[in-house]
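Colleague: Could you walk me through this model and tell me what stands behind the words you use for it?
Modeller: Gladly; let us bring it up and go through it piece by piece.

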Amino acid sequence: MIKEPSMEFRYSRGLEGVIAAITSLSRIDGDEGILIYRGIPIESLAENSTFEETTYFLLYGKLPTKKELDDFNSELKEYRALSEDEVDWIKKFPKDAHPMDALKTSVSLMGMSDPSGWQESKEANLKIAIKIIARIPSFVAAFDRIRNGREVVPADKDLSLAANFLYMLHGEVPDEGNARVLDVALILHADHGMNASTFGTMVTSSTLSDLYSSIITGIGTLKGPLHGGANEKVVAMLKEIGSPDKVEGAMKKALAERRKIMGFGHRVYKAYDPRARILKEYAKKLTGKEESLLVQTAIKVEEVMVRELSKKGIFPNVDFYSGFVYKYLGIPTDLFTPIFAMSRVSGWVAHVVEYREANRIFRPRAIYNGPVGVEYTPIDERE
Ligand SMILES: CC(C)(COP(=O)(O)OP(=O)(O)OC[C@H]1O[C@@H](n2cnc3c(N)ncnc32)[C@H](O)[C@@H]1OP(=O)(O)O)[C@@H](O)C(=O)NCCC(=O)NCCS
């Protein structure tokens, strides 16, 4: 007789409405479309902060003093450089691998060669966190250079994390405006409550596995098109639609076929995602011919979607406008999700460190609905 979990434990498909942790890192008010990191509205951080400062804020729970921020920046810069071994390994990766898979494997390599990688203390994990946050942009840029047959560009210690990433990717120091756009996008993506990849990293960490393994889980979880992979699909969809006058027809067909439109909808937001609002403003300022056609098409898609589906609480999410911004910065489409990872890693490690303060292994139950009492049939007697 199999005893099922007591019905007092409610089953919730996709864990909707389940509270999995207590956190002081970020809060989403899905009805009002408000996001705060440790009390500060995202709009204020996007306007006033930098990705490095926001990361410090998430990790250490306070805004840094000037000296603390300088020290934190120096530490991040120190860990940017890839080892010769790391570059050699990346050269062996299949050139047509998805950059998220290349990133997952790069972080795994880094973990294998870090003898201090498996630590339980908060201080030790914060140290490892800084190394990982510093190195991810270098891995992403190096893979892109190598797969295109170009030399890896060594990190520049004089640049911010965002500017240095663009420098390592293109081999040219970006202008300040472009570096700042990427910096803002990184701030906006740094944390977002109990999203799937954050939960994934926390599940791995709750077993007291190492931080590298947790981050690899996060990267793998973020890759999916229902999560971080959506921004890649948005640009592809808009290119396929082609121009604003084709939007009504394309949307009508897609909605009649009950297709999900990438970059719309959210489990928590039933109002406009505040991050999308900020990125939309940046996207509208993009000047390139192709970009502005894409943006106009996007604005029309938004108009139709809001008209048709806002009653269901479906509005643009952060992924709807992030793709244009990255495209404008000359970033290949398949690097959009790795850029998301470059930012969200701050939230992942902050949640892991916070949860470890009162760790308990995640171990939900499932309701078994298969047969019971089945006799084992020897292989020769099977149909
Ligand atoms: C984000 C997402 C995964 C949330 O999923 P969820 O909370 O499980 O919501 P569901 O998939 O159950 O959708 C609820 C309803 O809204 C509809 N819906 C949700 N997102 C939609 C979208 N992007 N386009 C069209 N319809 C959508 C569903 O068809 C469903 O309709 P129904 O009740 O008539 O069956 C989902 O909205 C989605 O797939 N969006 C597109 C991918 C995306 O942009 N992801 C990035 C998130 S930041």
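Colleague: Why is Pro154 called exposed?
Modeller: Pro154 has a relative accessible area of 61%, and exposed means over 50%, so the word applies to Pro154. Bear in mind that this is a predicted model.

Colleague: Where does Pro154 sit, and what does it touch?
Modeller: Pro154 is in the loop between helix 6 (122-147) and helix 7 (161-170). Not counting residues up to four places away in sequence, Pro154 touches Tyr167 and Met168. Between Pro154 and Met194 there are 35 Å in space, C-alpha to C-alpha, and 40 residues in sequence.

Colleague: Why is helix 15 called roughly perpendicular to helix 16?
Modeller: Helix 15 (residues 318-328) and helix 16 (residues 336-356) pack at an angle of about 105°, and their axes are 10 Å apart. Angles of 65 to 115 degrees count as roughly perpendicular, so helix 15 is roughly perpendicular to helix 16.

Colleague: Which residues meet there?
Modeller: From helix 15 come Asp319, Gly323, Tyr326 and Lys327, and from helix 16 come Phe336, Ile339 and Phe340. By class, the residues of this contact are four nonpolar, one polar and two charged.

Colleague: How do you know that Asn231 is buried?
Modeller: Buried means under 20% relative accessible area, and Asn231 has 0%, so Asn231 is buried. Asn231 lies in helix 11 (residues 230-241). Leaving aside neighbours within four places in sequence, Asn231 is in contact with Asp319, Ser322, Gly323, Tyr326, Phe336 and Thr337.

Colleague: And Gly228: where does it lie, and is it buried or exposed?
Modeller: Gly228 lies in the loop between helix 10 (211-222) and helix 11. Its relative accessible area is 0%, and the cut-off for buried is under 20%, so Gly228 is buried.

Colleague: What does Gly228 touch?
Modeller: Not counting residues up to four places away in sequence, Gly228 touches Leu222, Asp319, Thr337 and Phe340. Gly228 and Ala341 are 113 residues apart in sequence, with 8.2 Å between their C-alpha atoms.

Colleague: How do you know that the radius of gyration agrees with a compact globule?
Modeller: For 383 residues, a compact globule would have a radius of gyration near 21 Å; the protein chain has 22 Å, so the two agree. Along the principal axes, the C-alpha atoms fill a box of roughly 70 × 55 × 50 Å.

Colleague: What else describes the protein chain as a whole?
Modeller: The protein chain has 16 helices and three strands, and buried residues make up 51% of its 383 residues. Of its contacts with a separation of 6 or more, 76% are between residues 24 or more positions apart. The accessible surface comes to about 19,300 Å², and 54% of that belongs to carbon and sulfur atoms.

Conventions:
Residues numbered from 1 in each chain as written. Predicted model: local features only at pLDDT ≥ 70, side-chain atom pairs only at ≥ 80, totals over all residues. Heavy atoms only, no water. Axes fitted to C-alpha atoms, helices over the stretch in contact; angles between N-to-C directions. Helix = DSSP H or I, 4+ residues; strand = E, 2+ residues; numbered from the N terminus. Parallel < 35°, antiparallel > 145°, perpendicular 65-115°, else oblique. Contact = heavy atoms within 4.5 Å. Nonpolar A, V, L, I, M, F, W, Y, C, P; charged D, E, K, R; others polar. Rg over C-alpha atoms; globule rule 2.2 N^0.38 Å. Buried < 20%, exposed > 50% of the residue type's maximum accessible area, 1.4 Å probe, protein only. Areas by Shrake-Rupley, 256 points an atom, 1.4 Å probe, with all protein chains shown as cover.
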